[in-house]
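Work through the exercises below with the structure open beside you, and try each task before reading its solution.

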Amino acid sequence: MTRNDPSAADAQAARQALEAAEHAREAARSRPAAPGWYGAARGLLFAVVFGVICGPWNGEIPLLIVAGVALVAFLGVHVLVASRGGVITMPHGPVGQRILIQAIPVVAFGLGWLAALPFGQAGGAIASAVLAGAALWAVTAWAEGQGRS
Amino acid sequence: MTEEHVPPPALDEVIQHPTRLTIMAFLSGCLEAEFGAVRDYAQVSDASVSRIVSALQDADYVKVRKGYVGKRPRTWLALTAEGRRALTGHLDSLQAIAESARHAAATDPGDGPNN
């Protein structure tokens, strides 16, 4: 009877390699926490951008400039925080949860436009921007907390 | 009575080296990682990481993206789909080796005094 089983040394080496690989993977997933202002900055900048471009004042150049600056800042903040620690992590959680996180601000934006019924375009733009900004702030803070749990 | 033993699955020779496996595993935990972050975790020199990344690139396991943070150039590393498959296969092979040895130890009657 011939056997070709791995030796105990092979098995030990395999286990050590598996542990090292798992440790490395977890290290990549564990990065510094996002700054405390991240969620608020995202929400506020989002609200400014959409509050300006969706309102009846969206033809006013100074406001468009403000919206443009806010948009650049929104993208910049996202890139800065998303790549902190030199690692861009994968989205966390099941697919349904990730879709929900993206959908909540969109739904809030849509619901905000109900304010246009009594208050017109201005009311709708402000309400939708504020609700969507607040929702984005909340889901960002929640997602960052989930990522560290 | 003969027993048929299925040999352990083959390990991936490209990934087998401990530092290469460490880097591949680190990259598997993220979408992209900056060169410095990978180097710092692996605790090897820039030149070593460059050599390893080149080898992994040649095997189509890793892709490299050059970018800038402000005016400072940055290099970003990521596993390709092929790299993720290769890593998964390699880890499965390691797991099979570890479990096969455990199974063999559990079922081995051992060498008695008459052998």
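**Exercise 1: a residue in chain B**

In this predicted model, Val53(B) has its place in helix H3 of chain B, which covers residues 46–58.

Task: decide whether Val53(B) is buried or exposed, and find which residues it contacts beyond its neighbours within four places in sequence.

Solution. Begin with the accessibility: Val53(B) has a relative accessibility of 7%, and the cut-off for buried is under 20%, so Val53(B) counts as buried. Next, once the neighbours within four places in sequence are set aside, the contacts of Val53(B) are Val62(B), Val64(B) and Leu77(B). Finally, look at Ile23(B), which lies 30 residues from Val53(B) along the chain, with 8.7 Å between the two C-alpha atoms.

**Exercise 2: chain B as a whole**

Task: describe in what order the helices and strands of chain B follow one another, and what percentage of its residues is buried.

Solution. Start by counting the elements, which gives four helices and three strands in chain B; along the sequence they follow the pattern α-β-α-α-β-β-α. Then turn to burial, where 41% of the 115 residues in chain B are buried. Of the contacts in chain B between residues at least 6 apart in sequence, 53% join residues at least 24 apart. The chain exposes about 6,900 Å², and carbon and sulfur atoms supply 50% of that area.

**Exercise 3: a patch on chain A**

Task: identify which residues make the nonpolar surface patch, and which helix supplies its largest share.

Solution. The patch, of about 440 Å², consists of Ile53(A), Ile61(A), Leu64(A), Ile65(A) and Val69(A). Helix H3 of chain A, residues 61–82, supplies the largest share with four residues, and Ile65(A) is found in this helix.

Notes:
Residues numbered from 1 in each chain as written. Chains lettered and ligands numbered in written order. Predicted model: local features only at pLDDT ≥ 70, side-chain atom pairs only at ≥ 80, totals over all residues. Heavy atoms only, no water. Patch = residues over 30% accessible without salt bridge, like charges linked within 9 Å, V, L, I, M, F, W, Y side chains within 5 Å. Areas by Shrake-Rupley, 256 points an atom, 1.4 Å probe, with all protein chains shown as cover. Salt bridge = Lys/Arg side-chain N within 4 Å of Asp/Glu carboxyl O. Helix = DSSP H or I, 4+ residues; strand = E, 2+ residues; numbered from the N terminus. Buried < 20%, exposed > 50% of the residue type's maximum accessible area, 1.4 Å probe, protein only. Contact = heavy atoms within 4.5 Å.
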